[in-house]
Structures are given as structure tokens and as C-alpha cells.
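The entries follow the order in which I looked things up.

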Amino acid sequence: MPLGPFLARSKTEMTYLDRVFDCHHSTKTLPRPMLRRLSSSVHTAVAAGRRPIRAEAFPNEPSLSFLKARLVAALNPPSTSTHDRRPEASEVLAAAVPLLDPSKRNVLDPYLRLIAVELSQHYKMTPIPLEEIPNLSAALAACCLSPHGISKQRGISNDKVATINERYTDWLLFESRSGDVERINAVLDSFESQVTLLEVPRLTVPLAAAWAALRSAAGRAGEPTLSVQAPHSSTVKGYLSKKEVLTEENEAMVMQMFPELNSLTTLPSSVDTLQTVLLGFRERDKIQSIADMWKMWCDNPPKDLSRGEVLAKFLHAVRWRPTAVTSPEDREILKQLGKEIMARVPTPTPLPVLQVLLSTAGDYEHDRPKDKRNVLPAAMKTWREAKTEKVPIDLKTYMTYLGMLGKYHADVPLFKTWEELVADERCKKLHEKELAEGNKPGKAVDTESWPPVAALNQVLSAAYMIGGDATARADALFEAAVEGNLTTKPDIITINTALRFAAHVADVQKMNAVIASAGKLGLKPDIVTYTTLVQGLLRANEHDLASKTLDAMKASGIEPNERMAATLISDLAADGTRDGLRAAEDTLRDMRRRGVKMTVFIWTALITGYFRGNWVLDGFSAMERMNKQGIRFNIIGYNALLRVVSDGERSARNDYRRSTSQDLENAQVPLALKLFRQMLSEGIVPNADTYAIVLGGFLRTRRDAEALEILQDMDSRGFKTNKRALQQLVRQARAIKRRARHTVD
């Protein structure tokens, strides 16, 4: 069965050298064979053996083309058919340093994430030579602290930015524990110099914690000379406790360097800082501190802060749903604060306040915010009142309301609100004004596509998720966009949204129609398109067609990657059925044949499927196969596996339906505890998520002895957490321990 123009083989229009030296994208955009040839040829031409290449080895200034090729080669060392060689961190650093010059940053920027990953993974475990510390600090700072760093790149999510910052922090904390004062001072000086050089306005909590640990280890006394905004001491201490490096010396340094959250005597100078402070109070259930700050604002409201923005931040803080540990007194304070804030809201309602009212609808009035019967009517009432007040609603507010309607499966209001957005000329003019104000000089503003395609994609995604009659209306809306009957121009995300639903129901004919629509619009597929298409074909048992699609994808210049493999295997193994797991194993072998590197995430997707279906022996067998390939479960993989086996009653009983008691050693031990002990034996340190999963599972199923074993492990490590849910579980376990001790006495 044909699947449209995406399956046609295309030829690249760029020459080999053009692809190597002129593209400004990640090396992952180059086909793997080309990367191997490039890496091999560059190494042969400029490297002596396997020694790092130094800039000073060349008497003349190397060209940008050469420096770029050298960096590409360092990030993609030559591999053999049996061994996929990882980059050498020393070579990556040597290749990156000459490109740190501001005039060469446009060459370096596309590779920042890869550079940060390779450097941090290696040097957070292996000490770098003392003389290279400034270079390493400069390279990591260019990735994480620079105004042009990873956080400013398009397509990089906040989660990925946080991960890179964590890796930088891990290196700094690793050096802070070295015990070598000379090294620690070198790391500290280089870090502080980079913060000053790059004019960093604010440090994240992880970097602030690492800074404090370095100053403590170096014995630096007195106030730091850096002029930088930093988090409050309680959040920094919480992070150090999470990393298990909160010593008395570190805690004293934190209290000296950073302000205490409870000691604020003035309002923050910006709305964003106000939000950070208020949410910090809520995270620790310091409700009275919020009330004190509200009184401070009522007594002397700053003239330089938008009243609507300030009211919105306070309202968001008090309407956050109460937690299980929020006391009745604090709940009453929150209720009273909510009334006082709403009494100060002017008419018409400011847009920031309206957005908070919509996104937190039902949270304040009821103890069960996830109950659609309470939340949806509250949101719809707020929307009607805003319309009655003739509030000039902007696109962000429309998107917030559309998101609420989709989340709570209100398909009729969803499409009605879409029609209102299409006809809202005032909102369109506001949007055009925002685009013009934020537009770069010389760049044209697209005012023809209305509503923006992001709104169309949100409505389609919500409608397909709702199902039923909403699906037919979504199909009609998608078809109208494709045929040009809407002023909104579809993009590849629109195609992927419609394709995702067709793949979910394994409708090959519908997938074919969506792909044909993409060809009609002249849209080129991306990795998400191909992944979704192959996913649907595998669900429809069209394995040959799925294989041909992967071949076509490779022919178009897009290589299958680890994320695609993990997504496909996870989908096939999700139900834990025999047929699904067999297909997942076939996909694993096919991906390996296509050169996809096997990762712990791919194996986790397969192994969790085995345990979810109670194929316990096969699950342990898959773990052995993974270990033989030199891949070990990390804390993320074990947490995913423990979450599966701790679900419901599975942690309380040996439900080995596909095995016998003779097949497993010590069959009386719950599977969750067996895996937890195995994790400890491999030297993997549990984190807060691990303890919450296993402790919560044992408490739910009344396995007191097992719960107390987990509690004992936490106590032996001196583990402390700021997560309220885990704190509550620990209190329950300690109560069981006290009762058991009382019974014995």
C-alpha cells in the first residue's frame, strides 16, 4: 500500500564538502556513513596517533572550516562495525576551546549540547589536569551560562537545559569533594571569573549550591564579591541535601552567602522574583509568610510593578491546591487571602489574573481539583464573566482556556471557542502588535495566518484526545486547513498531530491520507513524522511496510536514533502481551541492524514491558542480555521498573503467573524489594523518587516489614527530602515502627 511522497527516494542537492563545512546544524543532521568518513579522514589528516589536537601546534591561525571539521571529528570518532567508539573528552575540549572566541561562536553554538554532555559525563568522574581547569570551566560556562548558550537555542526544552546545568553542577561538586585545596581554588576562581565575564544576572539553584560547596571546601570566608542574584538559602540547602553533600560546613556557608526566605523585609524588585519567592513559600507550606508578604504589598504597593501582574502572582500562590500536609489553619488563611485578593481585582479583570483564574479553576473552592464536575463549570463561568466584562482577551488567554477545555474533554465548548478566536478581530490586532514589537529588524511579520497554527494544533490535539464525535470534527477541521479553507496555514506539527491519531487507531488508510496531505502542502517530514508513521504501521501489523518506511527515512537523510527506537519499543511492549513483546524484540533487532546504538532507555522500555505483563523470568533474562552488552541500569531505569512492579498489589505478592516458585530464588521476597536490593548491590544510590515508589507501594499493600527495611536504608544514609509526599510516607512508616516497638515492649 503506498504511503505518499514520503516514501519516494530523494537525492541530496549539497555536495559532500558543503554538508561538512557549510551547514549550521548539529552533527546529527549528517548521515552516519558520511560522519564516519569525515571523522576518519580528519583524524588521519591532522592527528598524530590518538593525542588531542592543540591549537598551538599550528603556526598559522587555522581556518574556521578546519576548526569546525576538527570539532565534528572529535564528537564523532571513527567506529567499526562491531564497536561504536565514544568521543574522547580531552579531544572534544581541545577542539572546542579555540571556538570560544566571540568571533567564532556561530560555529560552536550548534554543538553546545553535545559538547556539554561529553565533557561533563567524563570529568564529573575523572579529574582533569590542573592546568586544563580554566579551559573546561570556560567550555561548560559557554554552554550553560552564556547569553548565547543552550537555553537560548530553539528546540531545546527546559528539561534539557536543566539536565545540562545539572551536569555542570555535578562536575563542580565532584571537584569540591576532591580534598585538594589547590584544585578547589582553581575551580572556584575559574567559575567566578566566568560568571563575571559572561555577566550572568542570576544563578540557578544547582549552580548556587555548587558555588557554596566550593567556597566552603576552599575555606573562603566573608561575603562573596560576585554581584549576582541567587536563590534563597532554604532552596540551596534542599538541593545540597538531595545530592547528599549537606555538611555542617556547607550549611554554614549557604546561610552566610544567601538570604533566608523568611527574613524578607521588602517586596522583590520584579514580578518574576515575586513569583519565585511565593512559590517557594508554598513548596514548604509557609502560608503565614505569604500572608505577611501580602500585607506588605497592601500597605505600600510598589509603583514600578504592574498591579495586575502582582495580583496574579499572589492569586496563583494561594489557589495552588492544598496538599495533604497543609494544616486546617493554613487552609483557612489561604481561603481568606483568596477573598482579599479577589476584592482588589479591578473591572475589567486584568489578563494575568484571568489566566490564573482559568488555569486554577476549581482548585480553590474544592478539595478535589481533578474532579471535572467542579473544575470545568468554574472555568466556563470565569470565561463567560470575562466576555460579559468585555475583557480584551489575548491569544495567550484563549490558549489557556482551550487547554482547560481539552483537558476536561469539553468538545462542544472547545470548537465554539475556536470559532470565537477565528472571528475575534480585536485579539488578532493585539497579536499582530505583539509580533511587531517583538520582531527582529528586517524580518517580515506573518499577519495572514490567523489564528496562529499553534492554536489550530492545540484544538486538533485536544479533539483527537477526546475521541467520539470530536474526532469527526477534528478531521473536518484538518481537511479544511489542508484545502486552504482556513486562514491558518498548517505546518508539520499539524500533520504529526493528525498522523498520531491515525497511528493510535492503526488506521493505515487514514495514515496514507495524512501523508498525502503533507505532500500536497509541500511539508517535509521530520523524525517525529517517521516515528509516528512506523508506530502506526507496527500497530497495524504492517511490518514490511514499516521496514520500507525506515528505509525511505534513511534515504531522505534522516537516520533512526535512540529516541525513535525507545518510543517504538515502549509502545509495542506497553501492554505486556506476548505478541507485543515479540514485536518489540523484532524492532530491537531491526534497530540494532540499522546502526542504532542500544541505550539503557531502549532496554528499559523492553524490560518494563516484560515485568508489566508478569513475564518475570523473561524480564530478568533481558536484563542479563543488556548487561552482557556493557549497559547497566541507571537510577532512571530502576525507578521505571520499580514503578511498574510496585503498582497496586503487584508489590505485595509474588504474582509470577508466567513462572513457578522454583524458578526464582527466594520467591517469598516481593519483586519490588528484590529489585531494590539488586539496585543497591550494583552500587546505585536511591533518590527521592525511588524511596517514594517502593515505600508507597509497601505502605499501600500493608507490607510493614518491607516498608521498615526501606525506612532503615533511608536512615542509614541520612537521607532527607523536601518532597512533601515522601515526607508523609516517612511519617507513616515511623508510626508503624513506633507501634511495633510498643507491641514488643
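I started at His409, which is partly exposed because its relative accessible area is 39%. I took buried as under 20% relative accessible area, exposed as over 50% and partly exposed as in between, with a 1.4 Å probe and protein chains only. His409 sits in the loop between H19 and helix H20 (411–423). Its phi is positive, near 60°, and the residue is not a glycine. I noted that most residues other than glycine have a negative phi, and that most peptide bonds are trans.

Before going further I wrote down the terms of reading. This is a predicted model, in which local features need pLDDT of at least 70 and side-chain atom pairs count only at pLDDT 80 or more, while totals for chains, interfaces and linings use all residues. Residues are numbered from 1 along each chain as its sequence is written, and side-chain values use heavy atoms, with hydrogens and water left out.

**Other backbone entries**

I found another positive phi, about 55°, at Lys390, also not a glycine. Lys390 belongs to the loop between helix H18 (372–388) and helix H19 (395–407). Lys390 counts as exposed because its relative accessible area is 63%.

I then looked up cis peptide bonds. One joins Thr347 and Pro348, with omega about 0°; Pro348 is in the loop between helix H16 (328–343) and helix H17 (351–359). The bond from Trp450 to Pro451 is also cis, with omega near -10°, and Pro451 lies in the loop between helix H21 (425–438) and H22.

**Whole chain**

I counted 36 helices and 0 strands in the protein chain; these are DSSP runs numbered from the N terminus, helices being H or I of at least four residues and strands E of at least two. Of the 745 residues, 49% are buried.

**Helix H11**

Is helix H11 (residues 233–242) enclosed or open? I found 8 of its 10 residues buried, so the helix is largely enclosed by the rest of the structure. Among the buried ones are Lys237, Tyr239 and Leu240. Glu244 follows H11 and has a positive phi near 60°.

**Cores**

I looked for nonpolar cores, meaning sets of buried Ala, Val, Leu, Ile, Met, Phe, Trp, Tyr and Cys residues joined through side-chain atoms within 4.5 Å. The largest has 120 residues, and those touching the most other members are Leu414, Trp603, Ile607, Phe611, Leu695 and Leu726. A second, separate core of 61 residues includes Ala74, Cys144, Tyr239 and Val245. In soluble globular proteins, nonpolar side chains tend to be buried together.

I checked Leu414 for contacts (heavy atoms within 4.5 Å). Leaving aside neighbours within four places in sequence, its partners include Leu402, Val459 and Ile466.

**Aromatic rings**

I searched the whole structure and got 11 aromatic pairs. Rings of Phe, Tyr and Trp (its six-membered ring) pair if their centres lie within 6.5 Å; planes under 30 degrees apart are stacked, over 60 edge-to-face, and the rest tilted. Tyr464 and Phe501 are stacked, 4.7 Å centre to centre with 20° between the planes. Tyr464 is in helix H22 (residues 453–466) and Phe501 in helix H24 (residues 492–504), so the pair ties together parts 37 residues apart in sequence. Both residues are buried.

Phe611 and Phe620 are both buried.
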